[in-house]
Amino acid sequence: MPYRFFADSTVEANVQRILNEQIEKAIQELSEGLEDAPEQAIHNTRKRLKKGRSLLRLVRKSIGEKTYRRENDQLRRIGQALAPARDGAVYQKTLADLINVYGVSLENKGISELKDSLTNLYKSELKALLERDNAIAPILVDLEASQARLSQLTLHQTGWKAISKSLEHIYRQGQDRFHAAYKDGSDEAFHDWRKRAKDLWYNSCLLKQIWPPVMEALGSEAQYLSELLGDGHDIAVLKHFLQHCPSEVALSDTPSQVLVPLLVHRQDKLHRQAKNLGNKLYSEKPKTFIKRIHSYWQNEFLCSS
């Protein structure tokens with residue numbers, strides 16, 4: 001079923017259903033998809049976990065801090081266990097995108113060797129994860145335990161009150177982190193903003209039914225923003241990797257001298273695009289934003305509790 005609330009169900013029932021579905025799909029990916037397409041299975045699993053965690057943040061005030069931290073930390077740990085394989089894929093994709101955008105010649109021996117080394121590194125990390133004794137089995141056990149708890153998750157509030165405080169907090173935090181990113185300028189600050197931008201995207205998907213054309217538009221713009229910031233973060237990850245390159249990766253002075261300035265230039269361009277979009281998405285005061293979303297909710301979910 002879609003990743004969204006339905007008006008004919010209570011908020012609690014919607015939350016239980018969606019969390020159950022996301023974790024069930026993650027379990028299926030790791031149980032059935034690893035053998036045929038391990039890269040895609042790991043990517044999809046991490047995506048399901050992020051959607052589940054975003055929903056937990058939306059009801060954080062209603063489930064209590066202790067429950068939120070326990071369940072969120074569990075899903076985060078599972079995602080981190082799969083992260084090394086994902087990082088290798090990011091290095092490859094980001095380098096390929098950079099080569100394409102700037103027309104970097106693969107005839108440069110150093111860059112060609114780096115490209116091959118990153119491919120080999122990714123394959124070895126993925127192989128190590130899949131061949132490690134009992135690497136996936138404990139993850140599946142943890143996922144099943146989370147699924148059992150979350151499918152019975154209890155909310156202490158109903159209707160709009162179950163999500164309003166957390167939604168306002170997410171929007172306010174995104175707005176604050178937007179301004180902090182451009183004041184601070186660090187990769188960490190932009191990454192922190194990206195997390196809340198992605199929450200705004202996922203929240204828009206969850207609340208699509210309250211006014212589909214408007215929420216689809218909001219979600220589309222928030223998705224684009226999170227993708228801009230995601231590409232910027234991937235550049236930061238690759239840049240750090242090149243500056244602290246492990247011995248098994250072939251990296252001469254030439255590719256580093258060529259690529260790092262291009263990475264900086266590309267990241268700066270992405271951040272300029274993100275700033276323009278951030279100014280629009282975070283133009284409202286948080287209470288004004290919540291009041292507007294509430295007015296849509298009342299017309300569609302009035303009878304839902």
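Predicted model: local features only at pLDDT ≥ 70, side-chain atom pairs only at ≥ 80, totals over all residues.
**Entry 1: α1 and α7**

I began with helix α1, residues 11-33, and helix α7, residues 137-150, whose axes come within 9 Å and cross at roughly 165°. That angle makes α1 roughly antiparallel to α7, and I noted that α1 passes α7 in a left-handed crossing. On the α1 side I listed Gln 16, Leu 19, Asn 20, Ile 23, Glu 24, Ala 26, Ile 27, Leu 30 and Ser 31, which meet Ile 139, Leu 140, Leu 143, Glu 144, Ser 146, Gln 147 and Leu 150 in α7. Sorted by class, the residues of this contact of α1 with α7 divide into 9 nonpolar, 5 polar and 2 charged.

**Entry 2: α2 and α4**

Next I looked up α2 (38-58) and α4 (65-81), which pack at an angle of about 165° with their axes 10 Å apart. Because angles over 145 degrees count as roughly antiparallel, I recorded α2 and α4 as roughly antiparallel to each other, and their crossing as left-handed. From α2 the contact takes Arg 46, Leu 49, Gly 52, Arg 53, Leu 56 and Arg 57, while α4 contributes Tyr 68, Glu 71, Asn 72, Leu 75, Arg 76, Ile 78, Gly 79 and Gln 80. The contact of α2 with α4 has 5 nonpolar, 4 polar and 5 charged residues by class.

**Entry 3: α8 and α9**

I then turned to helix α8, residues 164-184, and helix α9, residues 187-206, which pack at an angle of about 150° with axes 8 Å apart. These two helices, α8 and α9, are therefore roughly antiparallel to each other, and the crossing of α8 and α9 is left-handed. The contact residues I found include Leu 167, Ile 170, Tyr 171, Arg 177 and Phe 178 of α8, and Phe 190, Trp 193, Lys 195, Arg 196 and Leu 200 of α9. By class, I have 11 nonpolar, 3 polar and 6 charged residues for the contact of α8 with α9.

**Entry 4: the largest pocket**

Two or more lining residues come from each of α2, α4, α5 (83-102), α9 and α10 (212-243), and α9 gives the most to the lining of the largest pocket, with 9 residues. By class, this lining has 9 nonpolar, 7 polar and 18 charged residues.

**Entry 5: the second largest pocket**

Last, I looked at the second largest pocket, for which I wrote down a volume of about 690 Å³. At least two residues of the lining of the second largest pocket are supplied by each of α2, α5, α9 and α10, and the largest share, 7 residues, comes from α2. I classed the lining of the second largest pocket as 7 nonpolar, 5 polar and 11 charged residues.

Note on methods
Residues numbered from 1 in each chain as written. Heavy atoms only, no water. Axes fitted to C-alpha atoms, helices over the stretch in contact; angles between N-to-C directions. Helix = DSSP H or I, 4+ residues; strand = E, 2+ residues; numbered from the N terminus. Parallel < 35°, antiparallel > 145°, perpendicular 65-115°, else oblique. Left-handed = near helix turned anticlockwise from the far one by under 90°. Contact = heavy atoms within 4.5 Å. Nonpolar A, V, L, I, M, F, W, Y, C, P; charged D, E, K, R; others polar. 1 Å grid on protein atoms, 1.4 Å probe; cavity = no way out; pocket = protein on both sides within 12 Å on 5 of 7 lines; lining within 4 Å. Points joined across faces, edges and corners; volume = space filled by probe spheres on them.
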